[in-house]
Amino acid sequence: MPDEKASPAPSEIVVEPAWHAAWLPDAALAAVGRRRVAVVGPAEDDVLVTVFREAERATAAHGGDVVDPDGAPDLLLDARAGGDGFRLVRDGGRVTVAAATATALLHGWFHVVRLGEAAFTGPDADERHAPAFALRVLDHWDNVDVHPVMGQVERGYAGGSIFYADGRVRDDLSRVTAYARLLAATGIDRVCINNVNVHAREARLLTDDLPEVARVAAALRPYGVRTHLAVSFAAPMTLGGLPTSDPLDDDVRAWWRAAADQVWATIPDFGGFVVKADSEGQPGPFAYGRDHADGANLLADAVAPHGGVVHWRAFVYDHTQDWRDRSTDRARAAYDHFAPLDGRFADNVVVQVKHGPIDFQTREAVSPVLAGMPATRLALELQVTQEYTGQQRHLCYLAPWWSENLGFRPWGEGGAAVRDVVAGRGPGASPAVAATGGGGIAAVSNVGDDVFWTGHPLAQANLYAFGRLAWDPTLDPAAVLDEWIGLTFAGQDGAVEPRVREVLHAVLDASWRTYESYTAPLGVGFMVRPGHHYGPDVDGYEYTPWGTYHFADRDGIGVDRTRANGTGFTGQYPAPWRDVYEDLATCPDELLLFFHHVPYTHVLRSGVTVVQHVYDTHFAGVERVREAIAAWESLDGRVPSDVDARVRERLAEQLRSAVEWRDQLNTYFFRKSGIPDTHGRTIF
Ligand code: GCW
């Protein structure tokens with residue numbers, strides 16, 4: 001066992017798993033696997049045992065060895081150092097990774113795996129690596145039961161849940177451990193295992209089924225991943241039989257405290273609760289005339305003695321609007337509800353804010369809430385699952401989009417970026433926010449029990465990239481993709497064929513912009529089929545209660561969110577953006593229809609009219625998809641046949657769907673405006 005004197009333990013029998021190896025095929029371990037590796041640290045630590053087993057697995061596959069620390073190892077992994085993250089020292093080709101905790105050491109191990117040969121052959125170095133965000137969470141919208149409308153995984157496009165089957169936690173959780181391994185290789189260390197829409201069955205995970213949750217936690221723990229639960233604000237009534245869930249009621253407070261005590265008694269390293277309250281029908285504090293700070297602090301108080309965190313979502317809006325009412329603007333809702341509460345949230349509350357003010361669209365402005373609550377720990381919430389971005393049937397590498405959001409500077413050039421705000425370093429950050437390192441980052445996972453984990457095998461890149469950006473939000477998305485390709489498509493010698501690398505970049509690097517080009521234009525959003533949100537339906541939401549309108553008429557389209565004539569949403573931003581967005585002349589093209597209602601003949605900053613832009617981008621988008629197909633087909637046997645077959649099937653559907661988007665959108669704009677395409681292409 002790994003100890004001050006490490007010595008190899010007998011290998012376990014390795015059964016070929018029934019799922020794809022994703023970015024950790026044994027081939028990706030070639031460089032480390034050829035070396036002599038030593039592990040030292042506290043033998044009783046589960047995660048240290050994992051590091052040891054990882055070293056053993058890699059060396060068994062590639063001819064290296066696990067040796068004693070004094071046996072001249074090429075790679076020494078040492079969990080006895082101090083500080084955050086891990087330290088990597090390379091000295092004449094000998095590498096030492098040192099960390100204070102076994103989990104940080106495990107992250108260091110995977111860092112070396114990622115570097116491959118370069119880890120050993122690079123110049124001498126002494127580097128410190130620490131995550132930018134203390135909290136890096138993946139949220140699963142998994143139900144225990146199969147929901148009649150939403151299925152088992154709400155907005156899941158990769159099969160059923162990896163956690164639950166047959167109405168309970170799976171007996172065999174080996175896949176959950178394999179998932180934790182993939183996450184650890186990216187640096188993710190927290191997972192919320194159930195849907196934020198907490199139905200009756202799932203609510204019981206908090207109480208009756210806690211031993212089952214403990215089994216999931218035990219399956220995640222060896223890879224240093226901590227478990228969180230989404231809980232229902234009404235739990236004191238539905239589970240506890242109390243007459244109220246009023247956050248200021250003493251019995252309610254006592255109920256939550258007792259519930260939390262029980263959770264931590266069962267799972268000592270439990271992470272905390274995630275709450276969707278007063279949102280899309282979920283219960284919340286509004287029923288008692290209380291606000292979201294009252295609600296969040298109730299739970300914060302219950303988990304505080306255990307060092308727990310409450311992720312309280314800011315996704316609060318009126319989903320029973322009347323389309324005739326032009327004064328209500330869904331984009332305003334989160335800021336209107338939450339910004340006035342700044343400073344009232346307890347130190348262990350993280351307000352979790354969707355990146356855009358509406359709802360995970362392909363393009364929307366960055367949420368002004370992120371710039372409006374300096375005295376609150378804020379987390380940025382992203383969606384890895386591709387609800388509005390092609391549902392893992394379309395290629396859509398989202399890291400460039402996330403990177404734009406993380407790098408957005410709400411106070412303009414030279415000011416702090418969103419990634420600074422959620423790290424507790426925004427302007428005016430309160431001492432508590434700065435001291436806790438902010439609220440970090442969270443995202444909705446795209447994983448299910450599909451053999452490829454993510455339905456589309458290439459959608460794995462999104463999960464990988466989220467983890468890497470959560471560790472270092474300044475990474476270049478193309479470089480992250482390159483890492484993912486290098487690991488996932490490694491040949492036996494650990495190297496990737498150049499043509500494979502080239503084609504994967506060709507089909508993925510710009511795939512988000514391609515997707516944008518044939519779907520809803522210029523930031524207007526939605527235009528998807530109601531309910532399942534796949535495929536085009538320009539007026540699908542136009543007269544519904546959901547508050548997602550585009551207001552197209554015969555003359556023009558877009559939502560007037562200006563202070564001058566519209567909903568005033570632009571006023572929620574600090575300068576300079578409040579003015580940049582307000583003014584038609586300075587508003588960026590890609591967000592034009594998010595902020596303004598303009599005639600179809602309005603000339604964009606790019607020089608073409610709005611309607612011509614729609615035609616041009618929609619024709620071009622379909623061509624990009626055809627090019628992606630041709631590029632992929634040129635690989636011809638260079639990728640494993642199961643991956644190849646699945647990707648081809650998805651590409652065929654992407655093309656079919658892109659053509660449908662193009663034709664419906666072009667025809668809609670043509671019929672509304674009566675303006676023909678200047679290039680005379682076919683519009684139906
Ligand atoms: O995007 C919407 C989804 C809902 C989801 C909700 C949310 C879990 O359509 O399915 O509910 O967002 O984020 O809470």
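Me: Leaving aside neighbours within four places in sequence, which residues is alanine 379 in contact with?

Reply: A quick heads-up: this is a predicted model, where local features need pLDDT of at least 70 and side-chain atom pairs count only at pLDDT 80 or more, while totals for chains, interfaces and linings use all residues. Residues are numbered from 1 along each chain as its sequence is written, and side-chain values use heavy atoms, with hydrogens and water left out. Contact here means heavy atoms within 4.5 Å. By that rule, alanine 379 touches Val350, Val351, Gln352, Val353, Leu370, Val422, Gly439, Gly440 and Ile441.

Me: Is alanine 379 buried or exposed?

Reply: Buried means under 20% relative accessible area, exposed over 50%, and partly exposed in between, using a 1.4 Å probe and protein chains only. Alanine 379 has a relative accessible area of 0%, so it counts as buried.

Me: Which strand does alanine 379 lie in?

Reply: Strands (E, at least two residues) are DSSP runs, numbered from the N terminus. The run spanning residues 377-383 holds alanine 379, and that's strand E17.

Me: What separates the centres of domain 1 and domain 3?

Reply: Domain bounds come from an automatic or database domain assignment. It gives domain 1 as 4-129 and domain 3 as 516-559 + 597-673. Taken over C-alpha atoms, their centres are separated by 46 Å.

Notes:
Helices (H or I, at least four residues) and strands (E, at least two) are DSSP runs, numbered from the N terminus.
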